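Please read them with the sequence and coordinates to hand.

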Amino acid sequence: MQKHHTRASVLNMQMDPDMKFRVSEAYKTARTNLSFSLVKSECKKIVFTSPLSGEGKSTTSVNMAITLAQQVNTKVLLIDCDLRKPKVNRFFNLQSSPGLTNYLGGMKNMESIIRQTDDPNLSLITSGVIVPNPSELLSSDGMKRLVREMESKYDYIIFDTPPVNVVTDALALAGLTDGYVIVVKEGSTLKPELLRAVTSLEHAKVKILGIILNGSKIEEKEDYKYRYERYE
Ligand SMILES: Nc1ncnc2c1ncn2[C@@H]1O[C@H](COP(=O)(O)OP(=O)(O)O)[C@@H](O)[C@H]1O
Ligand SMILES: [Mg+2]
């Protein structure tokens with residue numbers, strides 16, 4: 001494992017304390033729902049995808065990984081499987097390479113692509129060098145070996161992936177993981193696109209764990225604000 005430490009910039013970022021509280025409470029609620037939906041798995045392997053790009057898959061998977069890792073004795077590994085438009089590394093101020101493709105292409109060994117973040121519970125695999133055959137690499141034996149090895153070390157493995165209505169990469173992880181979370185963006189994701197994504201996931205026979213509504217303004221309504229304040 002690489003020694004240098006890196007800090008995620010999402011839940012740690014500067015925002016007004018009230019907003020920060022509401023964002024972190026929303027992620028904690030999603031965390032509870034996720035842990036209850038997979039009670040049987042020793043290592044919960046969860047894919048985050050969405051119909052199209054820009055809907056918040058990377059933002060949500062990074063925030064979920066951070067939120068899961070806040071629990072005592074909960075080891076989390078976040079893997080950037082968007083090998084086309086890698087993003088996770090940016091949240092941690094890292095280059096994307098060396099990462100997953102360097103290992104899958106045989107240039108790096110497994111241990112050398114795992115990076116430790118500032119949070120001792122959270123490790124990270126960035127996407128690696130850009131390659132011409134992302135889907136093939138994600139379905140390779142090397143990927144199976146990686147997941148098999150990592151599931152004995154982590155309580156959660158979170159996979160960030162490309163949009164499922166655009167490329168099939170996310171579906172390559174179907175047989176290796178426990179379930180999928182679909183991220184949709186309020187005011188942006190259209191119903192036919194969501195239905196198309198659900199249909200693709202159903203055809204791949206994966207378990208759909210739930211839908212996360214990203215960018216929702218609902219918490220800003222007065223009644224919600226009041227409820228949250230009462231519990232502070
Ligand atoms: N809830 C949100 N509030 C504000 N900006 C957001 C939110 N979710 C995502 N973004 C921004 O939208 C852009 C796309 O998000 P990203 O997570 O990269 O989407 P995807 O991985 O689905 O392509 C990024 O610039 C990100 O910072
Ligand atoms: Mg992304």
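**Notes on the predicted model**

1. Leaving aside residues up to four places away in sequence, Ser58 touches Lys87, Phe91 and Asp160, where contact means heavy atoms within 4.5 Å. Ser58 is found in helix H2 and is buried, with a relative accessible area of 11%; buried here means under 20% relative accessible area, exposed over 50%, and partly exposed in between, using a 1.4 Å probe and protein chains only.

2. On conventions, this is a predicted model, in which local features need pLDDT of at least 70 and side-chain atom pairs count only at pLDDT 80 or more, while totals for chains, interfaces and linings use all residues. Residues are numbered from 1 along each chain as its sequence is written, chains are lettered from A and ligands numbered from 1 in the order in which they are written, and side-chain values use heavy atoms, with hydrogens and water left out.

3. The protein chain contains eight helices and eight strands, taken as DSSP runs numbered from the N terminus (helices H or I of at least four residues, strands E of at least two). Of its 232 residues, 49% count as buried, and its accessible surface comes to about 11,600 Å², of which 52% belongs to carbon and sulfur atoms; these areas come from the Shrake-Rupley method with a 1.4 Å probe, and for residues only the protein chains shown count as cover. Among contacts between residues at least 6 apart in sequence, 78% join residues at least 24 apart.

4. Which residues lie around ligand 1? They are Ser53, Gly54, Glu55, Gly56, Lys57, Ser58, Thr59, Lys87, Asn214 and Gly215, a residue being near a molecule if one of its heavy atoms lies within 4 Å of it. Helix H2 (residues 57-69) supplies the largest share of this shell, three residues. By class the shell divides into no nonpolar, seven polar and three charged residues, with Asp, Glu, Lys and Arg counted as charged and Gly among the polar ones.

5. Polar contacts to the ligand, meaning pairs of N or O atoms within 3.5 Å, include one from a polar side-chain atom of Lys57, which lies 2.7 Å from an oxygen atom of ligand 1. A polar backbone atom of Ser58 is 2.9 Å from an oxygen atom of the ligand, and a polar side-chain atom of Thr59 lies 2.5 Å from an oxygen atom of ligand 1. Taken alone, ligand 1 exposes 560 Å², and the protein buries 59% of that.

6. The count comes to nine salt bridges, each a side-chain nitrogen of Lys or Arg within 4 Å of a carboxyl oxygen of Asp or Glu. One of them joins Asp178 to Lys45, with the closest N and O atoms 3.9 Å apart. Because Asp178 lies in the loop between strand E6 (156-160) and strand E7 (179-185) and Lys45 in strand E2 (residues 44-49), the pair ties together parts that are 133 residues apart in sequence. Asp178 is partly exposed at 21% relative accessibility, whereas Lys45 is buried at 9%. Lys45, Glu151 and Asp178 are linked in a network of salt bridges.

7. Another salt bridge pairs Lys144 with Asp141, the closest N and O atoms being 3.6 Å apart; these residues are three apart in helix H6 (residues 141-150) and so are separated by about one helical turn. Lys144 is partly exposed at 33%, and Asp141 is exposed at 51%.

Terms used:
Polar contact = N/O pair within 3.5 Å; in protein donor to acceptor, adjacent residues only side chain to side chain.
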